[in-house]
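Me: I've got a structure open and I'd like to learn how to read it, one feature at a time. Can you walk me through it?

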Amino acid sequence: MELKFYNTKTRKTEVFKPIEEGKAGLYTCGPTVYNFAHIGNLRSYCGEDVLKRALIYFGYKVRHVMNITDVEDKIIKGCIKENKKASDFTAPYEKAFLEDISSLGIIKADVYPKASEHIPEIVSIIKKLAEKGIAYKGDDGSWYFSIDKFPAYGQLIKLEKEEMKSGVRINNDEYGKDKACDFALWKSWDEKDGDVFWETELGKGRPGWHIECSAMSLKYLGDTFDIHMGGVDNIFPHHENEIAQSEAYTGKTFVNYWVHCEHLLSEGQKMSKSLGNFYTLRDLLEGRAKEGRKFNPLAVRYFYISNHYRTRLNFTLSGLESAEKTLEGIRDFIKRVSETETEDSSYDAEAEKAVFEAKKEFEEKIADDLNTPQALAAIFSMISKINIMASDSRLSRKASEKVLEFMFKADEILGLDLKSAAEKKELEQEIEALIQERQAARKAKNFARADEIRNLLAAQGITLQDTPGGVKWTKK
Ligand code: AMP
Ligand code: ZN
């Protein structure tokens, strides 16, 4: 099936045509590790994960590179405030980031290169740009990219010539479209940078944020690669500048498909650290967002993917609660189907038709610019048909296996760990069997075996309680 994505570069939904048959190179802008990622950032990483999973689902071998920005203005401020070495300051946030994405079911990248470990590559690109007359040293000792020398500047954001202020310089990494001007490649050291600097041929200083991504993507994915992703706020200036630097350096097209994830909003505004209107994932998981309510991280993932990655999404706790309920509903469905024991296969054709149609629809919707809400709708339509069949005892064991096979296949894209809903049942069955054996042992006055079973269960965190209604068990 042809996979289509909306390409920011052409403003069109296009069929994905890889550079190399069956392979896809993917670069996603990673976190700036100066704090915990908020759930807005994580929405973008999750959207990127869905695209990557879709590529894998449709048979591509993906090489995924995500940088870790560990040299940046906000990091330097943090180091100085906490009087720490940059690596000591960033290490805990990097670790937390990797934990967060893992609990959201995000597949790990193949490489997580760090800016601080790629200074020679960065310097060599800037030197070549200087040789070509595109980079120049400002009177402040920093090196700048001259947008005037790169006629294709503005291609991603679609800037008009008169909107650009060539010769005017900006040293900040983040700025708006109204300030489209020469941007910093290498920032010369000043006192407020403390001990974050490198002595190089460009002088004592550190790289700008934009050049970091050019250097790392070119190194790990080559001069031209398939897909580059990030949140929509990365389009300008970050990605525009990445294109300018990379294409001016190599003379080749940098990236074929630019795909951007829309923002997570909080009360109608972009969720961001600077506005203070954010939750971290840990706030949600550890009960700090809502008293006594510890959310399942995969409910957060479900909340994201139940919306299209290119629509703005307003975050509310009640929205997350209903996402958690829906996810529980899907898990209950899987549990129920996996417990089917009916042998009568007379209605299998009906069940198989429902599965076939859902799978077809699911794949078409995913292939059409990753339309996860509509892909989920296809699943729900099948769930309601199968539920009716199960209630009428018309769902056979054989048909239920087909249903599960599809659900687990779909989960290769959804990433909701649906297999565990069926596995839980197997564990429960084992526990029940042991409890029954213990009862039988007690009846036969084989107390040694009964105690042995109790201890065996206790070792798995299971405690037994003898009640008038039989033995009840709980798991810690
Ligand atoms: P940063 O650490 O600020 O560079 O952001 C990391 C990633 O999160 C980038 O891809 C941003 O575009 C993205 N991002 C930042 N804020 C939001 C938001 N509110 N919703 C979705 N993505 C965001
Ligand atoms: Zn980047």
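**Reading the zinc site and beyond**

Reply: Let's start with one residue: Cys29 is buried, with a relative accessible area of 6%. Buried means under 20% relative accessible area, exposed means over 50%, and partly exposed is in between (1.4 Å probe, protein chains only). Before we go on, this is a predicted model, where local features need pLDDT of at least 70, side-chain atom pairs count only at pLDDT 80 or more, and totals for chains, interfaces and linings use all residues. Residues are numbered from 1 along each chain as its sequence is written, chains are lettered from A and ligands numbered from 1 in the order in which they are written, and side-chain values use heavy atoms, with hydrogens and water left out.

Me: Which residues coordinate the zinc ion (ligand 2)?

Reply: Donors are N, O and S atoms within 2.8 Å of the metal (3.2 Å for Na, K and Ca); water is not among the atoms, so sites may look incomplete. Here Cys29 (SG), Cys213 (SG) and His238 (NE2) coordinate the zinc ion, at 2.0 to 2.2 Å. Along the chain, the donors follow the spacing C-x183-C-x24-H. Cys29 sits in the loop between strand S3 (23-28) and helix H1 (39-57), and His238 is in helix H6 (residues 235-250), so the pair ties together parts that are 209 residues apart in sequence. Helices (H or I, at least four residues) and strands (E, at least two) are DSSP runs, numbered from the N terminus.

Me: Is His238 buried or exposed?

Reply: His238 is buried, and its relative accessible area is 0%.

Me: What surrounds ligand 1?

Reply: A residue counts as near a molecule or strand if one of its heavy atoms lies within 4 Å of it. By that rule, 15 residues surround ligand 1, and the closest are Gly40, Ser44, Asp233, Leu264 and Met271. For polar contacts, look for a pair of N or O atoms within 3.5 Å; within protein, one must be able to donate a hydrogen and the other to accept it, and residues adjacent in sequence count only if both atoms are side-chain atoms. A backbone N or O atom of Gly231 is 3.0 Å from an oxygen atom of ligand 1, and a side-chain N or O atom of Asn234 is 3.0 Å from an oxygen atom of the ligand. The protein covers 91% of the 490 Å² of accessible area that ligand 1 has on its own. Such areas come from the Shrake-Rupley method with a 1.4 Å probe; for residues, only the protein chains shown count as cover.

Me: How do I read a sheet, and what is the strand order of the open sheet of three strands?

Reply: Strands of a sheet pair through backbone hydrogen bonds, either parallel or antiparallel. Two strands pair if DSSP finds at least two bridges between them. The open sheet has the order S14-S13-S15, with mixed pairing. Strands S14 (269-270) and S15 (313-315) stand at the edges, each with a single partner strand, so one side of each is left without a neighbour in the sheet. Strand S13 (residues 264-266) runs parallel to S15, joined by three bridges, and Ser266 stands opposite Phe315.

Me: Where is Glu174, and what does Glu174 touch?

Reply: Contact means heavy atoms within 4.5 Å. Glu174 lies in the loop between strand S7 (165-170) and S8. Not counting residues up to four places away in sequence, Glu174 touches Glu72, Lys74 and Trp209. With Lys74, there is a side-chain polar contact of 3.0 Å.
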